[in-house]
Amino acid sequence: MREHEKYDRYEQDFGDAKDHDWRTKRRSRAVDDEVGPGRRGRLTEDAKERLAQRREDADEPLPDGDRWSSWGDAEQGPKPWPGWLVTDLAAVDRELGIVKTGKEADVFLLERAAADRSCLLAAKRYRSNDHRMFHRDAGYLEGRRMRRSREMRAMQNRSSFGRNLIAEQWAVAEFAALTRLWQLGAPVPYPVQRVGTEVLMEFVGTDGQAAPRLAQLRPEPDELLDLWRQLVDALIVLASAGLAHGDLSAFNLMVHDGRLVVIDLPQVVDVVANPRGREFLERDVRNVGGWFTSHGLESELTDPHEVTALLLDAAGLS
């Protein structure tokens with residue numbers, strides 16, 4: 001069962017996500033010793049090697065799994081953490097296969113297991129510099145601020161360094177967007193953690209089988225109408241926060257136990273700061289509205305002008 005809770009306030013500003021000094025919230029004493037006083041954040045490679053050696057010397061071989069849990073070395077999801085989530089620092093991660101491949105990232109099924117329980121996670125990993133294909137990123141990046149002008153120039157020039165920055169910025173942006181929208185009560189997967197260009201999130205599905213995309217379904221009329229209403233409600237939540245999905249389609253929506261789940265959010269657009277914000281918002285509406293109309297929903301309900309006006313009003317831009 002998926003758990004959505006609303007919170008009284010949002011603590012992370014999506015637009016300034018790159019400017020936040022992300023701090024690890026829980027670390028083991030062993031990790032603290034390796035990091036040393038005066039240093040916070042992720043472990044250095046040398047520190048990771050020393051910690052691995054310490055575990056080996058202490059007769060703590062890696063149990064059945066591919067890696068130790070990276071929970072203590074990550075940006076962690078919003079509290080309260082869901083009851084199903086394994087946060088034990090002694091847990092191990094085991095890959096169970098690939099869920100989806102894409103031009104910019106691949107999604108893997110991951111099991112995180114402790115001594116007495118486990119949970120399934122979706123691990124979204126943005127690809128290496130050699131394989132990345134961010135063809136459409138320029139418009140989405142408008143209105144986002146980088147800390148240093150050098151970084152922005154590198155991204156604009158698409159240097160090797162700049163492309164690596166873009167990859168990490170997508171991961172940072174997706175994790176920040178998921179965090180913010182989860183806290184607002186939007187139907188998105190719970191954001192578990194981020195380390196580098198890997199984002200771990202709630203796995204939406206049953207028994208290791210991912211829930212279908214909306215594009216794979218042929219809903220009956222009553223279900224189609226219900227899914228449309230759920231989608232409009234979700235878009236209103238985004239618009240009220242000043243956001244548009246930016247690349248919304250029937251392929252970026254999942255349906256799990258009759259509930260719509262919005263996914264693939266690295267390109268979330270600030271409709272106020274981005275000069276093309278309204279354009280992205282209207283395109284989202286046209287894309288999904290066209291799918292629902294083509295599957296039998298009355299065109300009056302999906303009229304792009306009316307739905308867009310509704311969302312602009314929710315965003316305070318009418």
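Exposed means over 50% relative accessible area, buried under 20%, and partly exposed in between, with a 1.4 Å probe and protein chains only.

The model is predicted, and local features need pLDDT of at least 70, side-chain atom pairs pLDDT 80 or more, while totals for chains, interfaces and linings use all residues. Residues are numbered from 1 along each chain as its sequence is written, and side-chain values use heavy atoms, without hydrogens or water.

**Around Glu 220**

Glu 220 sits in the loop between strand 9 (209–210) and helix 6 (221–240). Helices (H or I, at least four residues) and strands (E, at least two) are DSSP runs, numbered from the N terminus.

**Asp 264 and its two partners**

Asp 264 and Lys 124 form a salt bridge at 3.4 Å, N to O; the term requires a side-chain nitrogen of Lys or Arg within 4 Å of a carboxyl oxygen of Asp or Glu. Because Asp 264 is in the loop between strand 12 (259–262) and strand 13 (269–270) and Lys 124 is in strand 5 (residues 118–126), the pair ties together parts 140 residues apart in sequence. Asp 264 also meets Arg 213 in a salt bridge, at 3.9 Å, N to O. Arg 213 lies in the loop between strand 9 and helix 6, 51 residues from Asp 264.

**Glu 198 and Arg 67**

The structure holds 12 salt bridges. For another of them, select Glu 198 and Arg 67, whose closest N and O atoms are 3.1 Å apart. Glu 198 belongs to strand 7 and Arg 67 to strand 1 (residues 67–68), 131 residues apart. Glu 198 is buried at 9% relative accessibility, whereas Arg 67 is partly exposed at 25%.

Seven of them form an open, antiparallel sheet in the order 1-3-4-5-7-6-2. Strands 1 and 2 are at the edges with a single partner strand each, so one side of each has no neighbour in the sheet. Two strands pair if DSSP finds at least two bridges between them.

Select strand 6 (residues 191–195), where 5 of 5 residues are buried. On one side, 2 bridges join strand 6 to the antiparallel strand 2 (residues 75–76), with Gln 76 opposite Gln 193. Strand 6 is also joined by 4 bridges to strand 7 (residues 198–202), again antiparallel, and Pro 191 has Met 201 as its bridge partner there.

End at the turn: strands 6 and 7 make a hairpin with 2 residues between them, and Gly 196 in the turn has a positive phi of about 60°.
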